[in-house]
Amino acid sequence: MSFPAALARPVRRAAVLLAAVACALPLATGTSTAADTGGLSLAAATSVGIHNTYDDTSQFPHLADALDTGTSLIELDTWVDPFTHEWKVSHSNPLGNQNNCVDATTAADLYRGGANKDLGSCLDDLRIWLAAHPGHSPIMVKLEMKAGFDATVGLGPTELDALVQAHLGADVYRPADLLGSYPTLDAAARAGNWPTRSALAGKVILEAIPGTFEQSNPFDHLWTDTEYAQHLAALQAAGTLGQAQVFPSVLNAAPGDPRTRYPDASLRPWFVVFDGDAHAYVDGGIDTSWYDTNHYLLVMTDAQNVTPALSDTAPTAADAAARVAQLAAAHASFVSCDWTGLPTVLAEQLPRGR
């Protein structure tokens, strides 16, 4: 690691520590949007995350460097490799790993060793980082399934569940944990069955969205969202929903209940996570209070594009914080951005809908 890079990580850690201390101090009315959200349910607060967290190796040489910012959402793009039977993590290379994951086995390993590892290794890095940071707020892991699943070669939803279980174990908050005694995830969410954020400290929630390649593939007629929802329904029918590790997400903003796009109405109640462009939600006149009222999780991406647009990568801290507060008021659960140099913003935790 270069000397400047070695200095950068302590600076980021110090910034995160200062932000945490600031949140713990009494605040003068109207001077800050920081708040103690530990007593709120997961669906009643807003956190901030980093788009394509694995890919910006200039800013984050290691996945742990990104986690050190205090982010509450990381994104991992994964491809199924039918030749090696791996889940590759890369933006555009379906047969190779190009990322900042190092396959750590101890906390010291998080900042050393060769990068470009597979999805299991990225999850190992996350698990070890969480163990070294007890009490950290829950982290959403957004999995973009670039080309979808391929169950025909043993890389389907069942195998993804097994991979997540093997590498994250009890750190995962699963669909069955939300379900409890309710018949569907929708019923559980609308009943407010999400735990408090403090109860979920150190936990990981995974969402899966259809990937860009999958969506443009004319031969793919079973996208990630539908396939995983079918998987959940089948597991529930078999009494084995506890095996599921991931929440399928309804991708792209749309007015009303976007689950009506699924022809099989029986699948709709298995979606309680929604993911789309912040500009489309906020500037498109969509009533996002519907998500909040029903206690659904809403991920708003590309926070910078809401009018007036901000810098993609380097807005002022004040402008970025104001945008996060705006999207929290607009009922986002997670705000996704590329503001990698603003750890105090990335560590924000706000009440949702205020």
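These legends describe close-up views of a predicted model. Local features need pLDDT of at least 70, side-chain atom pairs count only at pLDDT 80 or more, and totals for chains, interfaces and linings use all residues. Residues are numbered from 1 along each chain as its sequence is written, and side-chain values use heavy atoms, with hydrogens and water left out.

**View A. The hairpin of β2 and β3.** Strand β2 spans residues 73-81, and strand β3 spans residues 86-89. Strands (E, at least two residues) and helices (H or I, at least four) are DSSP runs, numbered from the N terminus. The two strands pair in the antiparallel sense over four bridges; pairing requires that DSSP finds at least two bridges. Threonine 78 has valine 89 in β3 as its bridge partner. Four residues lie between the strands. In the turn, histidine 85 has a positive phi of about 55°.

**View B. Helix α4 packing with helix α8.** The helices cover residues 157-168 (α4) and 224-238 (α8). They pack at an angle of about 80°, with axes 10 Å apart. Therefore α4 is roughly perpendicular to α8 (65 to 115 degrees). Axes are lines fitted to C-alpha atoms over the stretch in contact, and angles run from 0 to 180 degrees between N-to-C directions. From α4, Pro157, Thr158 and Asp161 meet Glu227, Tyr228, His231 and Leu235 of α8. Contact means heavy atoms within 4.5 Å.

**View C. The second largest pocket.** Its volume is about 290 Å³, the space filled by probe spheres set on grid points joined across faces, edges and corners. A pocket is an open set of points on a 1 Å grid over the protein atoms alone, where a 1.4 Å probe fits, with protein on both sides within 12 Å along at least five of seven lines. Lining residues have an atom within 4 Å of a point. There are 19 of them, and His51, Glu75, Lys142, Glu144 and Ile209 lie nearest the centre. β7 gives the most to the lining, with three residues.

**View D. The loop between β8 and α11.** The peptide bond from threonine 307 to proline 308 is cis, with omega near -5°. Aspartate 302 is also in this loop. Its phi is near 50°, a positive value in a residue other than glycine.

Methods: Parallel < 35°, antiparallel > 145°, perpendicular 65-115°, else oblique.
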